[in-house]
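Please examine the arrangement of chains and helices in the model shown here.

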Amino acid sequence: MEGLHLEYYLVVSAIMFFAGVYGFITRRNLLAVLISIELILNSVDINFALFNRFLFPGQLEGFFFTLFAIGVSACEAAVAIAIIINIYRNIRNIQVKNLQQLKD
Amino acid sequence: MNFLSLFVLVPVLMMGGLFLAKTLKQIRVVAATGASLLLALAVGLVFAYLGERAAGNTAEMLFTAKSLWYAPLHIYYSVGVDGISVAMLLLSAIIVFTGVFASWSMGFLEKEFFLWFCLLSTGVFGFFISIDLFTMFMYYEIALIPMYLLIGVWGSGRKEYAAMKLTLMLMAGSALLLLGILGIYFLSGESSMNLLELARAYIPAETQYWLFPLVFVGFGVLGALFPFHTWSPDGHASAPTAVSMLHAGVLMKLGGYGCFRVAIFLMPEAANELAWIFIILTGISVVYGAYSAIVQTDLKYINAYSSVSHCGLVLFAILMLNQTAMNGAILQMLSHGLMTALFFALIGMIYGRTHTRDIRELGGLMKVMPFLGVCYVIAGLASLGLPGLSGFVAEMKIFVGSFMHADTFHRVFTLVACTSIVITAVYILRVVGKILYGTVADEHHLTLSDANWYERTSTIVLILAIAGIGLAPLWLSDMIDGSLLPIIQNVKL
Amino acid sequence: MEYTLLIVLLPLLSFLFLGLAGKGLKPRVAGYIGTIVLAIAAGLSYITAWHYFTTAKVDGVFEKWTPLNFRWLNFTEHLHIDLGILLDPIAVMMLVVITTVSLMVHLYSLGYMHGERGFQRYYAFLSLFSFSMLGLVVATNIFQMYIFWELVGVSSYLLIGFYYTKPEAVAASKKAFIVTRFADLGFLIGILLLSFYTGTFSFERLTSGDTSLFAGAEGLSFMGCSVMSWALALIFMGGAGKSAMFPLHVWLPDAMEGPTPVSALIHAATMVVAGVYLVARLFPVYYLEAPDVLVLIAIVGAVTSLYAAIVACVQTDIKRVLAFSTISQIGFMMVGLGVSGLEGHEGLGYMASMFHLFTHAMFKALLFLGAGAIIHAVHSNEMTRMGGLWKHLPITHLTFLVACLAIAGIPPFSGFFSKDEILAATFHFNPVLGAVMSFTAGLTAFYMFRLYYRIFWNKATHHDHAPHEAPGSMTVPLIFLAAVTLVAGFIPFGKFVTSDSADYIIHLDWVVATISVAIAVIAIGLATLFYRKESSIPDRLATTFRGLHAAASQRFYLDEVYLFITKKIIFNGISRPVAWFDHHVVDGTMNGFATLSQRLSGSIRGFQSGQLQQYVMVILLGALLITVLVVFI
Amino acid sequence: MNISIQETVFFALAAVIGLFSILTVTTKRLLRSATYLLFVLFATAGIYFQLDYAFLGAVQLTIYAGGIIILYVFSILLTNQQADEKLERLKNSKVLAGAVAAVAGAGITLFLLLAHPFGPSRLASGEVPVKAVGTALMGTSKYQYLLPFEVISILLLACIIGGIMIARKR
């Protein structure tokens, strides 16, 4: 356990986070975008747990934050997917670039 | 309550009256009454002014009054007139009067038309009576806005394009102008917007050098300064008759008057130094407008380009900075205002009957509508500078005055400008020959009627005014001369 | 002398009355009103002339009278346009000439224009013209002259275009106005230059011989000529335009589209000599300040005169022949002025020129009115439709013959005296010029008699109904003018009108007189040979000199040159490109600005795309930027 | 060099997370993307276990890996006619822009992370007892989370209702 510093974990989560960001920006399918968001959320969850465990081992704030975040992301995924399915039903397509009706 | 404020008040009251008016007849009565009242006021003002001067009142501005309306910037509603503004007010009143009669049978939305028309008049009259820089600017804007709607709604042809173009270009001009005005206000060191006080203040020469072009171009856009004139042909061609009349007749004069009242009066050093640039531009305007007019086929375009040429002459003369030429410039404003209004009125009447303005489709109208034909010839002769009509007086004053300039450069440009009298003759006679003489081009035109009473009223009033200036110019030119002195003295610093 | 004002004002009133109320009047009444007014004016002019010339001379010269002069428009304190009346010998002479010819024309038109549509308008225009022309000759200053000069131009325009439904008439009126307007530009610039250096418009001051007035222009020159020469040459250009001097003469032949009496009044007797009058008016200035311009005037006059005479020989339209003859005769007058001196005996040319102006006005008006009577009778302008008319139109024939003899320079008709003196002055000035002018005089005799024979003799043409003599209102003016032409030569003109207002005793130069009469007689003889009877000689000559004949009958292609300049150069070469430039470049730039700002706003609008991903991207980059800024700076 | 078992596990998890995160966002097929995400989630759970947050790991596995991914897979199958349909190719410039933004962001973040001194950071040992977690969830005093727990539950309820409302056929 000696060698495993906080930074090791943070690097992993950072990579995950920016992979999510990349996906968010470049993906054109709504579901793919949503998957990228899951990556981002996940990396943040890890960070909460990490900081709790490494820096404030006696407490549980980070732990609970992660717990709740997982719950919230579950909600988010459920609602988002519901919306996506609804859109798909209306326009038979879930490409971002085709979703212009709201704009104009 | 100052008697000058009536000029603004009457149009406002007219708007109130129009608002209440229900039937077409009531609308016409309100419009005609108001316009006649304005004309009477203007004539009264001329006599009152001459009376005051004869009684020995030598103040720069007469009938002054002021009241503060925005203290932080020292903006006053302050009014007053000198000979020049009196002349311009008279011109505006005549044209508003005749404009009302020229738009007697608009056909649709008369009430709204006259409402905007009155707002426009308010702006115009307010501009000429103001001696506060900002109030003047405000009235200027008031005069511009209705134009957009008047052209856009009641116009013909590519009216939306023309209205948009006109408004945008004039607005761009007034943006420059606003910059200039604020510059003058803040940099003169005189915390006042009053023209007379500002004229006494000293604006440093370096500041003048960049303020002068701003103000001059700002007003120049409205005065059809080359190359900012292109709104004018499209705008005039698309506007309804009365609006063309008011626009070419009065609104373009706002530009000339502003250049003169604000740019030259307040910034004499810069005017002396930078005049040459604008003399070149206006010199081009004069000749260029005339040449462009030769090949046009739409009556209104011909007249619009001729306006570019004639208004160019106004700015040209103003920049000569001597009394004779400036006097000529003011006379030219009057003269051009009257005759171009006459032209547009007549074109509107012809168009109303034949439904075309293309000179290739017209011909022999003299036989069909002799009254309009004769009036058109008179307008044409006035435009090409026939002695006895107003154009000649103004042009001769300008040419002689400009030629007296000590500088050879200016004299050479005067000669260039002189050539416009020949080109003017060419395009005027071309049109007259094509549309009035010869055989009737379209047999449907044979059954058309001549002018009716309201059309006759408006044309006759205009012709009388044109001939009046042309036959007895001395009183007018003397009235203007008296008021030019302060400006000339300022310029000759 | 205040009544002279009436001479000018009466026609104006008549014009206003007929112009405004004419429609309500019976045509005949309108005609009578115009004619009576003109008769009064003519009467007043005769009284004026009598009064003026019988008043004793002061120091041997006629005084200049200024019965009226008021300020009309100020330029500066010293420079102002006055309107007034200046009477001096030439002005008085012109008053007489104008009112006489005008009265004759008014009278004649009662018959000639009878039944024409727009009769009232016609008389209104005639009155307007008379007013302007009278105002022109009594002008006290050069600017007043310019004012009336323009008015004359407009009346001429209106009268040429009287038959406004005829396209040729409209085109001709336009051409006349524009060509003269172009010349007037020169006049105006000349005035500007002149007044700039002298500070005055007044004829009295300009012609006073006071050279200090011109001190300002001393030593200034432009392109090798002094400024004063330029000014005066430009003023002459104005005169050349009105007087149809080569190459500004192109409008005059076309102006014949107007009614014939108008041609007689305006384009033969009065308006076209305005240029001569202008030069005569400013003669002392020309002589003292710019003698080189006088030479120019003489040369232009000679060239014009010769050119017009040649062209006149081959025209077939009788009015055109007369028009070219007018141009030629005015050339004579110009030459007379050009070769003249100022003082005493030197002033022969001036005197002769004025004399010729006077006599020419009479006999040329007579010719035109005669031509009018002929056209009235045969309803055509073409010589080919005439011939053998002498027995149908006896009065016209006789009066026409008188006029022809006068213009050919056969004594004792008036033309002989005046033309002979011009020739004498020219020979005195330069023999070559004199020879040219003598030759021209010969040509004149030739083409006039060609005209005469082809109208009245030659082969008779068949007419549907026999031509008959004109009514009394038309023949009376003819007889009157013929009488004047017969006796005018014996007027001791040198007593009245001379360059220095002092007496000039005319004594004929017998050598010159003999030669010129001989030439005239030979020319007439030739014309008789060619045209008295039907003959093949003219045709043969025409074929022999085919090129020359064709060129002359096409007026040496000058009209084509003008057409080229106006159509190709001004219209297509300048105006169209300018309009194109305006539409595409200037307007295009403005529209370009509009498009540009539209594009710009379009691209700014792109940032607000509503695309979440793009927003995120930008937010991310922004956050990174801020981080970098906070951390590293 | 002595590599403990802990380290070995960590590096294995790190490798899985890094590799599959990137594959998730770069693969062309949507279904594969979801599968890679599943692997990443499993690895994350592994990290939680390593941190001795066994409960968290369990939750991660059940909710995320078990629930959400299933949801994704279903919706992918529902919305795509062919589940393995390739994703539309993007313009290179956009991909490049995204990549640059991501790499730059990652670079800066990593730089900051590594440059920042976190102080004495040792991985504390000892399992967090589920009983402690339970009490903390059920209490209302300081460091106890009943209120957030209830809020989350209401949120979940709202989501369920909302999801049904939105997705139901009209």
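This is a predicted model: local features need pLDDT of at least 70, side-chain atom pairs count only at pLDDT 80 or more; totals for chains, interfaces and linings use all residues.

Residues are numbered from 1 along each chain as its sequence is written, and chains are lettered from A and ligands numbered from 1 in the order in which they are written.

Between chains C and B, the contact draws on 38 residues of chain C and 40 residues of chain B; two residues are in contact if their C-beta atoms, placed from the backbone, lie within 7 Å. On the side of chain C that touches chain B, the elements giving two or more residues are β1 (65-74), α5 (142-160), α6 (167-198) and α24 (558-607) of chain C. Helices (H or I, at least four residues) and strands (E, at least two) are DSSP runs, numbered from the N terminus. The largest share of this side, 13 residues, belongs to α6(C). By class, this side of chain C holds 25 nonpolar, six polar and seven charged residues; Ala, Val, Leu, Ile, Met, Phe, Trp, Tyr, Cys and Pro count as nonpolar, Asp, Glu, Lys and Arg as charged, and the others, Gly among them, as polar.

Within chain B, helix α3 (residues 83-102) packs against helix α20 (residues 474-491) at an angle of about 135°, the axes being 7 Å apart. Axes are lines fitted to C-alpha atoms, for helices over the stretch in contact, and angles run from 0 to 180 degrees between N-to-C directions. The contact involves B:G83, B:I84, B:V86 and B:A87 of α3(B), together with B:L476, B:M479, B:I480, B:G482 and B:S483 of α20(B). Six of these residues are nonpolar, three are polar and none is charged.

Within chain C, helix α15 (residues 348-378) and helix α16 (residues 394-408) pack at about 145°, with axes 9 Å apart. Among the residues in contact are C:F363 and C:L367 of α15(C) and C:F400 and C:A403 of α16(C). This contact has nine nonpolar, four polar and no charged residues.

Finally, helix α15 of chain B (residues 370-383) is largely enclosed by the rest of the structure, because 11 of its 14 residues are buried, that is, have 20 or more other C-beta atoms within 10 Å of their own C-beta atom, placed from the backbone. Among the buried residues are B:L372, B:Y376 and B:S383. After α15(B) comes B:G385, with a positive phi near 80°.

Technical notes:
A residue is buried if 20 or more other C-beta atoms lie within 10 Å of its own, exposed if 12 or fewer, and partly exposed in between; C-beta atoms are placed from the backbone.
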